[in-house]
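Subject: Handing over the two-chain model

Dear colleague,

I am passing this structure on to you, and below it you will find my notes on what was found in it. Please keep the structure open beside the text while you read.

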Amino acid sequence: MPKLWENLRTYLKKEKLMTLSHFLVMGITFLVLGIFINVIVLSQTMLRYLEEQAQITVFFKDEFGEDRIIPFRDQLVSDERVAEVTYVSKEDALRIFKEINEDQPVLLESISASVLPASIEIKTMDISDLEALSNELGQKEGVEEVRFYKDVIERFRTVSNTVYIVGAVLVVIFFVISYSVIVSSLRTAINSRGSELEVMKLVGASDPYVKKPFIYQGVFFSVTSALAASVLTILLDFGLSKWDVFSKGFSFGFLPGVFISPVIFSLILSLILVISGFLLGYFGSNAAVKKYLKY
Amino acid sequence: MSQIEFKNITKEYITDVKVLDDVSFSIEKGEFVFIIGPSGAGKSTVIKLLLREEPLESGEIIFDGKNISEILPEEMPEYRRKIGVVFQDYKLLDSKTVYDNVAIALEVVVADKEEIKTVVPNVLSLVGLLDHAEYYPKELSGGEKQRVAIARALAHEPDILVADEATGMIDPDSADEIVEILEKINSLGTTVIMASHDQRIVDKLTKRVIKIEKGKLVSDKKGGKYHA
């Protein structure tokens, strides 16, 4: 190990420009990969937040009084598809109306609680249940109108699925690009030491002896670059956490209903980047040095 | 049993262009053999085939009773260590000192540091460069560089020392010194195979001479001369 470390230090000192270019190329690649994963998770989180706002509003007829609406609400609470039910009485509706229209006193004077309908706002566990529930509620006694913004919700879902699938494919493509970048970057380093490898093979060096310094070098470059990229992504997510952009945290497409803090997410992402760095460095340097190992 | 046997060797780099055409000869242990011929005759190809740097089209090369085509890739490093090689262009590492250039031959077999400290000065002393151990190749003359290459080839005590045009890039006096060293190594029991087109050296030593022309073995004489 000390000999390998000494060889690496000698290389770093001797090939300053090449070292810098390796770090820049690999660092930028990992950073782009990290930012890309971040963008996917952020878009998923945004869509999750938007989806959570999706709801059904049931307006009741005036003759359907609070004594009948409350049991109606309680029945909905026990429905396993329902996540949240909020009763908005005529008085609540007036208060909300006044808050929204506080700058229009003439309008407010002409409105009283009796003209506004009582309603129930319903959120479901899964937005795909909204439509069925909306249809069911429309048939119930005392219901004047059911409002459900189907088009908006469908669009949310389409965008969410598209971002998730396209994002996953692009992350895989980016991994392949990262692998190619690392292999070509290491191959440049190996080619610059071609005569040394030739001499090593000439004097009977075994494959592991020839390979080891390059694998060590490849892993060092890619893990260090991944670490640098990780620090930047942690800073980005730390900023999002500090500004409280997503109060509940980040969400993942494949884990509905699960939210984690941006800082914890960035630490997980960093771990993924560093492990990817190690694997890409290890397999990349193995592939890069392969052509020098043929007897 | 001969140490090396070339049996009906044919080699083509381009289809139907034979660099070696049905060449056969054998070399006994402890022999000093010149392989001569004009440039492009196939001398270097003989050495490349012996080192298994190139595949064969037909024929067999037997080394110590074993067909070298049957050597497995994982056995190749051990096989290569049995053959010390010296090239016309030295193949030294400019970034390493004379000592380190020789030590690399031992480091690749993970030799003990103490062993390296004993062996390297010994081989440098054999080629007369012990006092140049801390020099870098760029500080040496052509003859001295070739002597470092010989020291490196000798570091793991090979059974055979192969010199491919080892005197091709150096002045006559230095060439004589190189040949003297090779004779000394040969007198210690190591087989020496020297590919050369240096008539003066070949005629001076009167060793066994294998002549190759246009890929064919045209003569094989003990105590031979370049044009004999």
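To begin with a detail that you can look up yourself: which residue in β2(B) does B:E12 stand opposite? Before the answer, please bear in mind that this is a predicted model, and that what follows was computed from it. The residue that stands opposite B:E12 in β2(B) is B:K18.

**The strands around β1 of chain B**

That pair belongs to the pairing of β1(B) with strand β2 (residues 17-27) of chain B, where seven bridges join the two strands, which run antiparallel. Together β1(B) and β2(B) form a hairpin with two residues between them, and in the turn B:D16 has a positive phi of about 70°. Strand β1 (residues 4-14) of chain B is also joined to strand β4 (residues 58-63) of chain B, again in the antiparallel sense, by five bridges. For orientation there, you can look for B:E5, which stands opposite B:I62 in β4(B).

**Chain B as a whole, and two of its helices**

Stepping back, chain B has seven helices and 10 strands, and of its 228 residues 40% are buried. If one takes the contacts in chain B between residues at least 6 apart in sequence, 69% of them join residues at least 24 apart.

Two of the helices deserve a separate look. Helix α5 (residues 142-154) of chain B packs with helix α6 (residues 172-187) of chain B at an angle of about 15°, and their axes are 9 Å apart. Because angles under 35 degrees count as roughly parallel, α5(B) is described as roughly parallel to α6(B). The crossing in which α5(B) passes α6(B) is right-handed. On the α5(B) side the residues that meet the partner helix include B:G142, B:Q146 and B:I150, and on the α6(B) side they include B:E177, B:I178 and B:I181. Sorted by class, this contact of α5(B) with α6(B) has five nonpolar, four polar and two charged residues.

**Where chain B touches chain A**

The two chains are in contact through 15 residues of chain B and 12 residues of chain A. On the side of chain B that touches chain A, α2 (76-81) and α3 (98-107) of chain B each supply at least two residues, and α2(B) gives the most, with five residues. By class, this side of chain B has nine nonpolar and six charged residues, but no polar ones.

**Chain A: a sheet and the helices on it**

Chain A has 10 helices and six strands, and buried residues make up 24% of its 295 residues. Among the contacts in chain A with a separation of 6 or more, 81% are between residues 24 or more positions apart.

Four strands of chain A form an open sheet in the order β2-β3-β1-β4, with antiparallel pairing. Its edge strands, each of which pairs on one side only, are β2 (82-88) and β4 (143-148) of chain A. On average, and with direction ignored, neighbouring strands of this sheet are turned by 20° against each other. Within the sheet, strand β1 (residues 56-60) of chain A and strand β3 (residues 119-124) of chain A pair over four bridges, and A:F59 stands opposite A:S119 in β3(A).

Helix α3 (residues 66-77) of chain A packs on the sheet, where it touches β1, β2 and β3 of chain A, and its direction makes about 165° with that of β2(A). Helix α6 (residues 130-138) of chain A lies across β1, β3 and β4 of chain A and runs at about 170° to β4(A).

**Chain A: two packed helices**

The last item is a helix pair: helix α2 (residues 16-53) of chain A packs with helix α9 (residues 207-242) of chain A at an angle of about 40°, with their axes 8 Å apart. The two helices α2(A) and α9(A) are therefore oblique to each other, and α2(A) passes α9(A) in a right-handed crossing. Among the residues that meet here are A:F23, A:G27 and A:F30 in α2(A), together with A:S225, A:A229 and A:L232 in α9(A). By class, the contact of α2(A) with α9(A) has 11 nonpolar and nine polar residues, and no charged ones.

With best wishes

Methods: Residues numbered from 1 in each chain as written. Chains lettered and ligands numbered in written order. Predicted model: local features only at pLDDT ≥ 70, side-chain atom pairs only at ≥ 80, totals over all residues. Buried ≥ 20, exposed ≤ 12 C-beta atoms within 10 Å, placed from the backbone. Contact = placed C-beta atoms within 7 Å. Nonpolar A, V, L, I, M, F, W, Y, C, P; charged D, E, K, R; others polar. Axes fitted to C-alpha atoms, helices over the stretch in contact; angles between N-to-C directions. Parallel < 35°, antiparallel > 145°, perpendicular 65-115°, else oblique. Left-handed = near helix turned anticlockwise from the far one by under 90°. Pairing = 2+ DSSP bridges.
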